[in-house]
Amino acid sequence: MTGRILLLTGSTGAGKTTTCNLLVDQLEGFWLHFGIDLFLGRVVARKFVDGGCCSHQGVHGAPDDPADPEGPWHLDMGRYGLDAIRSFHRMAAAAVRDGQNLVIDHIATVDPPILQDCAEVFAGLPVYFVGLKPPPEVSPRRIDARLESIVASLGRDHAVRNSEAKKRVAQSLYAQIFAHDTFDLVIDTARHPPEAVAAQIMAQMRDCRGRAFPELARRFADRS
């Protein structure tokens with residue numbers, strides 16, 4: 001029996017992980033929390049993640065203009081980065097086809113083409129797609145507030161570099177995650193506490209057969 005996917009996306013600090021933790025605790029039945037932060041923080045070697053010595057080969061923030069490091073930044077993928085995230089998607093799809101229900105927190109950007117790969121790999125699977133969308137100015141405050149929580153996994157120096165990079169790239173992530181309007185549900189997490197966000201998702205997700213992912217798959221296929 002095929003499982004289901006409840007996929008939450010949003011910029012750094014949108015409340016994805018907190019909401020997903022509540023969901024797996026409160027949803028009826030057995031659900032696994034499959035998160036991009038867990039994948040990049042624990043499965044991928046630390047040195048390939050923002051602030052690590054080899055992050056230029058993995059997943060990292062980079063200035064739009066290398067000559068202006070204080071200007072806007074974007075999410076950049078080195079030689080291993082996008083392939084690793086594609087493998088993350090395939091692991092998730094394999095688990096769902098094996099009958100597991102997954103709550104996934106993700107950064108489903110259009111550029112880099114993370115969302116496009118999700119749409120391809122999850123084709124035919126039940127997916128309910130939720131965008132967590134607080135105002136952009138919320139992200140830097142929340143990133144600062146959770147610095148201490150990532151020190152244990154990254155070490156203090158790496159954690160500080162990681163947090164600074166995330167703050168610089170947050171605006172670009174916001175733009176690329178919400179470069180389209182095709183979601184099953186969008187919630188402003190600055191206006192609602194995490195418990196209310198989780199409750200709203202559970203009230204509307206039904207069997208996770210949302211309309212957003214089939215529409216996105218058709219849209220991306222038309223562009224190819």
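Leu-115 touches Ala-108, Thr-109, Val-110, Phe-129, His-180, Phe-213, Leu-216 and Phe-220, leaving aside residues up to four places away in sequence. Touching here means contact, that is, heavy atoms within 4.5 Å.

A word on the source. This is a predicted model, in which local features need pLDDT of at least 70 and side-chain atom pairs count only at pLDDT 80 or more, while totals for chains, interfaces and linings use all residues. Residues are numbered from 1 along each chain as its sequence is written, and side-chain values use heavy atoms, with hydrogens and water left out.

Buried means under 20% relative accessible area, exposed over 50%, and partly exposed in between, with a 1.4 Å probe and protein chains only.

Five strands form an open sheet in the order β2-β5-β1-β6-β7, with parallel pairing. Which strands stand at the edges? They are β2 (31-35) and β7 (185-187); each has a single partner strand, so one side of each is left without a neighbour in the sheet. Strands (E, at least two residues) and helices (H or I, at least four) are DSSP runs, numbered from the N terminus, and two strands pair if DSSP finds at least two bridges between them. β1 (residues 5-9) and β5 (residues 101-106) pair over five bridges.

Next, the helices. Helix α3 (residues 81-97) lies across β1, β2 and β5, at about 160° to β5. Such angles run from 0 to 180 degrees between N-to-C directions, with axes fitted to C-alpha atoms, for helices over the stretch in contact. Helix α1 (residues 16-26) has Lys-16, Thr-19, Cys-20, Leu-22, Leu-23 and Val-24 as its buried residues. Those residues pack against β1, β2, β5, β6 (127-132) and α8 (194-204).

Finally, the whole protein. It has nine helices and seven strands. Buried residues make up 50% of its 224 residues. Its C-alpha atoms fill a box of roughly 50 × 40 × 30 Å, taken along the principal axes.
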